[in-house]
Every structure is written in structure tokens, then in C-alpha cells.
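The structure is shown first, and the findings follow by topic.

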Amino acid sequence: MRKKTATLIDNETGKKYELPIHHGTMGPRAIDVSRLYADSGMLLLAPGFLSTAACRSAITYIDGGKGILLYRGYPIKELAEQSNYLETCYLLLNGKLPSKKEMAAFTDIISHHTLVHEGLKGFYNGFRRDAHPMAIMVGVVGALAAFYHDSTDITKAKHRIISAHRLIAKMPTIAAFSYKYATGQPFIYPDNSLSYSDNFLHMMFAVPCEKYEINPVTSRALDMVLILHADHEQNASTSTVRIAGSSGANPFACISSGIAALWGPAHGGANEAVIRMLESITSKKQIPKIVARAKDPKDSYRLMGFGHRVYKNYDPRATVLREMCHKVLEELGAGDQKMFEIALELERIAREDPYFLEKNLYPNVDFYSGMILKAIGIPLNMYTVIFAMARTVGWVAHWMEMMSDPDLRISRPRQLFTGQLPMEYRSIESRGDGKSCLFPEDRPE
Ligand code: CMC
């Protein structure tokens, strides 16, 4: 039988190192280099973690080449079309689909944790009305630790589960309050008789003086967006949550760090950036120019909603949402048809262009999610907040998996040092009068 090892030969010293190879149930094998530094004094260099498996995980599987995404073994398309968000949450957290009884108990628990402490509402007043709701989310979710002390003993499995339930349940309330605060409308309390998505829509759009009717098309579309964003293995925000959690930080602080990482336009902020990009294109004639800019190596401009670190084929979430996008625009008759047509034309041109084909740049989930959210009336600056709401279950599932992993150690990457050799300190008087270099433009060439 062949040995399950790989041999690393250091040609500088002539030394050889036998490294164990691990097999997952599916996907690439992994070379175990955890002892490499201790044995050889050498580090691995992988900027952006391009070839690094940072943990073992049984939650989500992606085959980027084939465009496959499975939550706990279930294909994303089947879940998006047949499940609902809360059932998907149960699946991600518990590793199996619930029975009727289990689902009823889970729904009961989540719906009875939707209220936030009244004192937490005071936090909102500290923000400017024009604050980006993601800024509010980072602050308010982090502040939860100050209100729910009874579930922050992370050494206790029960506390971890209670925190998980609280986060999933309270996130829509916190998110909707951030919108209400910006619009100057009164906060609308959760209605526990509603489904997860309906309750969010109710807290977003109801006002005390009028009855709010939930459109089932809107509700279904939102639920599908939530399912498709619920988890995505070791992406930037999930890795951030894991790194924060590895130090023993409380779950509310960890999820707040995940929200911060998600905010960037290369990650969760892309859905907002896609709409801003599409809004800037007023006619199909402008598209070739936009595409040319995205291809120009001297221009940092990118086509938002295209490309993915892992998918080198079509993003399976985008396939589902593309269909949903058609349906929503048709059924709601929203005035976004022109934008959708521009988007489809952009997609067509990009998918025929050798630059995009060679670099495997396909539309990703955010290319369509923004259009759906726009059609169902969600304001632009809430798109990434909705992504955060959906991804909370993924973050929490990974945090719980990590916390019960016997291999858990604080995440502490190393570096290849490229800085100054040791220097001798000289007094300020003896250093001469250099030019100010506080800002890049002041620095000598
Ligand atoms: N438009 C034009 N060129 C692109 C794009 C794009 N959207 N994305 C990547 N490229 C080029 C990039 O310039 C580079 O070219 P070269 O090889 O000549 O240097 C090459 O493709 C590889 O790009 P990369 O940045 O090294 O790839 P990455 O895996 O580090 O980044 C990405 C992936 C998603 C950050 C990137 O594709 C991107 O910035 N896309 C636009 C933002 C976006 O839509 N993000 C949402 C991702 S899906 C939601 C989520 O899961 O968070």
C-alpha cells in the first residue's frame, strides 16, 4: 500500500521531511504541515491563504470547479427551492434535517428570543441618522455581550447553544431597528407569529399607523436569498469569526468581527456595489467601455458581482438567483426591468470575452441578489446587512464546531519578515531635518 505522506526536500540543506497526507470525505487532500516549523524551522508562505486548509469542518462543501455547494450534504438548489431559512439554520447547526417535532421546538426557541433588551435600543441614539447600517450592526451586535452575560461562558456547551439561538433570533430585530433609526420611524417589535422572513419584513416596513400586508412573492424571494447566503465554508468573514473565537472571545464579539469583515466590497459589500455599478450604466451602449476598464491592468476598476476565490465555474447560488430574479421582476412588475436587461447584457458580454473566460470570472451570488433585494423594496444600504443576517447561522455553526474541536488552538499565523535589519537608536537631535512624510504624497520617490 502507498504511504499517505508527501516528501518535502529542502534543496538548500538537503534535508527531507515526511509530511502526513489527510483525506477528507470529498475534495482536495491536505498535507499536514502543523509540525513543519518545529521540525525544520521553516514556514509556509500562502498570502490570502490560497492553498491553506485552516481547519477540519463538516458543515459546508464546495467544489469550485464543478460549481457544487452542499450544506451538510444537501445541494444548495434543493434547499433553496424546497426548504426554508429556519429549517436550513437547523440543518447547519445540527448536521441533519429536523423532524416535525424538532422543527416545532426550534421555531419556538428562535421566535421566543427575537426581542432585544430594552437598554440595547439606547445604543442606536448614539449613531448619526446617516450612519451606514453595517456600522450600527458591528457596534450593536458586539454590545450584546454586555446584555447577555448568562450565555457567555464559552466552556459550557449549553451557553454556546443559547448564544447561537439568541444571535439567529435577534439579528433581524437589530437589523430592522438600524433601518428604522435611519428613517426616523419608530422601532417595530417582532411578531412571533410570523415566519423568520415575514417577521423581518414586518419589522422593516410596518408602521404603527397602518396595516402592513406581506406579499408572499417578496417573502419567498427574501427567504431564498437568506438560504443562499447562510454559509460558505471558510470565507473571509467566517475565518475572521474563527480567528476571533480561537482566542476564547465571547460569541457576540466574534460575530461582530465577522460582520466587520463581511462589510468590504470584495466580500459581502459586493451586492451593494453591484447595484451602484448597474445604476451608473444608463444604456447598453456603455457596457463595452465598462468591460474594457475592468480588463485594463492599469485600472483598479472591477466588474462587481463577477469572480470568486473558489468558484472557477458558475456560482451555483447565482444560477438559482438568476431564475428567481426573473420571477420576482415578472410577478412584482417592479420598475427594475431595465436594470435587469443591462445586467443580462453585461453578463452576456463578459461571458464571451476571453479575459473573463481565461480567468474564470463568472457572475457570483451578489450579481443577482442585489437586483432581487431592490425589486422587493429593500434599501441599498441594507443589502449587506441582510447578508450578515443570513450568514449569522453559518458563523455561529462554525464557531460552535470550532469550540468543540479537540484540536482547537489560538490562531496565530506567522510571517516572512521583509523589514529593517536591527538598527541602533539615535536621539532625535542627531537625525537631521527630514521632509515630513506623514502622507504618501510627502514621501520622497
Ligand atoms: N473584474 C475584473 N477582473 C477581475 C475581477 C472582476 N470582478 N475579479 C478578478 N479579476 C481579475 C484580477 O484582476 C486578477 O487578474 P490578474 O491575474 O491579471 O492579476 C485575476 O482576475 C484574479 O483575481 P484575484 O483578485 O487574484 O482573485 P481572488 O480570488 O483573490 O478574488 C474576488 C476574488 C471575489 C475578491 C474578486 O473576483 C473580486 O474582487 N470580484 C468583485 C467583487 C465581488 O463580486 N465580490 C463578491 C464575491 S461573492 C460573495 C462572497 O462570497 O463574499
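Predicted model: local features only at pLDDT ≥ 70, side-chain atom pairs only at ≥ 80, totals over all residues.

The count of salt bridges comes to 19.

- In helix α2 (residues 76-82), Lys 77 and Glu 81 stand 4 residues apart, about one turn of the helix.
- The side chains of Lys 77 and Glu 81 form a salt bridge, with an N to O distance of 2.9 Å.
- Lys 77 has 39% relative accessibility and is therefore classed as partly exposed; Glu 81, at 36%, is also partly exposed.
- Helix α12 (residues 270-280) holds Glu 272 and Arg 276, which are separated by about one helical turn because they lie 4 residues apart.
- A salt bridge joins the side chains of Glu 272 and Arg 276 at 2.7 Å, N to O.
- Glu 272 counts as buried because its relative accessibility is 10%, under the 20% cut-off.

- The side chains of Arg 242 and Glu 401 meet in a salt bridge of 2.7 Å, N to O.
- Because Arg 242 belongs to helix α10 (residues 236-246) and Glu 401 to helix α18 (residues 383-403), this pair ties together parts that are 159 residues apart in sequence.
- Arg 242 is buried, at 8% relative accessibility, and Glu 401 is buried as well, at 18%.

**A salt-bridge network**

- Salt bridges link Arg 322, Glu 347 and Arg 351 in a network.

- Most residues other than glycine have a negative phi.
- Glu 233 is located in the loop between α9 (216-228) and α10.
- With 22% relative accessibility, Glu 233 is classed as partly exposed.
- Asn 360 is not a glycine either, yet its phi is positive, at about 55 degrees.
- The loop between α16 (354-358) and α17 (365-375) contains Asn 360.
- The relative accessibility of Asn 360 is 25%, so this residue counts as partly exposed.

Terms used
Residues numbered from 1 in each chain as written. Heavy atoms only, no water. Salt bridge = Lys/Arg side-chain N within 4 Å of Asp/Glu carboxyl O. Helix = DSSP H or I, 4+ residues; strand = E, 2+ residues; numbered from the N terminus. Buried < 20%, exposed > 50% of the residue type's maximum accessible area, 1.4 Å probe, protein only.
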